[in-house]
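Let's take a walk through this one together. Have the sequence and the model side by side as you read.

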Amino acid sequence: MSEALQSLLDLLDLERIEEDIYRGHSRSAVVPRVFGGQVAAQALVAAGRTAPADRHAHSLHAYFLRPGDPGAPIVYNVDRLRDGRSFTTRRVVAVQHGKPIFGLSASFQTYEDGLDHQAPMPPAPDPATLPTGEERLRSYPHLPADTVERFLEARAAVDLRYVDDPPFGDYGTPREPHSQVWFRTHGKLTDDPLLHVVLATYVSDMTLLDSVLLAHGRGGWAVGDVVGASLDHAMWFHRPFRADEWLLYDQQSPSASGGRGLGQARIYTQDGRLAISVIQEGVVRVPREH
């Protein structure tokens with residue numbers, strides 16, 4: 001296991017300070033606020049620790065309420081909304097400086113047999129044939145060195161490989177609002193199903209709005225031609241998967257309007273099983289000229 005992955009796992013291992021109350025800390029992000037994927041992952045950890053062991057996360061719905069302060073602890077308050085015969089529901093509010101910064105609802109279910117179908121996996125190249133994240137980032141001479149280093153530090157725990165150029169790599173001309181990345185953790189994980197769901201949640205916030213930027217030829221936050229932030233985030237976990245094995249993140253944007261952009265995605269295992277569906281809306285604004 002890489003040192004960066006162990007550091008991330010330590011970050012997600014929340015401190016229990018009281019019944020249904022947990023405390024977490026933050027790490028470096030590309031932007032000067034708490035990374036949204038971190039808050040979502042930590043909130044899911046808090047929810048999962050209060051759910052029965054035989055119930056696994058099948059969905060989450062979250063709202064980002066305020067920018068998080070990376071220099072202050074985050075307190076996660078869990079509300080046990082329901083424990084039914086098959087489903088368990090939890091609500092989590094993340095608090096900093098006495099104010100909520102994030103809210104999450106998560107549902108857990110016992111295993112059941114049932115109807116089974118899925119959308120087919122789209123074509124994608126073998127991840128082993130693609131440049132690593134570091135190789136691709138360092139190939140763009142227009143990116144400032146400090147920006148590259150911030151990206152690499154923020155993503156050091158994850159082997160994330162773009163199929164095509166990301167928005168910040170090739171911008172200025174609109175492209176199809178569709179992007180693909182392969183990802184897996186830099187090292188093996190334990191068999192705890194919650195851990196794999198939490199790691200996928202963490203990564204899911206890294207690239208989902210890229211397709212919004214592609215549609216308008218924008219490079220994004222790395223080059224300063226848009227400003228924005230996540231507004232809400234939803235995930236459905238359909239089938240078992242491992243976050244330490246290759247997962248294809250197939251993303252597209254059906255709409256952008258009113259200063260907001262919508263991204264939707266499917267995450268597949270390398271052998272073609274649909275593991276996760278994701279939807280996120282974010283603020284995407286063009287900076288005003290003075």
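We'll begin with the ground rules, then visit the core, some strands and one serine.

This is a predicted model, where local features need pLDDT of at least 70 and side-chain atom pairs count only at pLDDT 80 or more, while totals for chains, interfaces and linings use all residues. Residues are numbered from 1 along each chain as its sequence is written, and side-chain values use heavy atoms, leaving out hydrogens and water.

Now for the core. A nonpolar core is a set of buried Ala, Val, Leu, Ile, Met, Phe, Trp, Tyr and Cys residues joined through side-chain atoms within 4.5 Å; buried means under 20% relative accessible area, exposed over 50%, partly exposed in between, with a 1.4 Å probe and protein chains only. The largest one here has 67 residues, and Y76, F102 and I276 have the most contacts inside it. Its largest share, 8 residues, comes from helix 2 (residues 36-48); helices (H or I, at least four residues) and strands (E, at least two) are DSSP runs, numbered from the N terminus.

Next, look at strand 5 (residues 87-96). Its covered face holds T88, R90, V92, A94 and Q96, while F87, T89, R91, V93 and V95 are on the uncovered one. Strand 5 pairs in the antiparallel sense with strand 4 (residues 74-83) over 8 bridges, and with strand 6 (residues 99-110) over 10 bridges; pairing takes at least two DSSP bridges between two strands.

Finally, find S277 in strand 12 (residues 274-285). S277 counts as buried because its relative accessibility is 16%. The S277 side chain also makes a polar contact with the side chain of H238, at 2.7 Å. Such a contact is a pair of N or O atoms within 3.5 Å; within protein, one must be able to donate a hydrogen and the other to accept it, and residues adjacent in sequence count only if both atoms are side-chain atoms.
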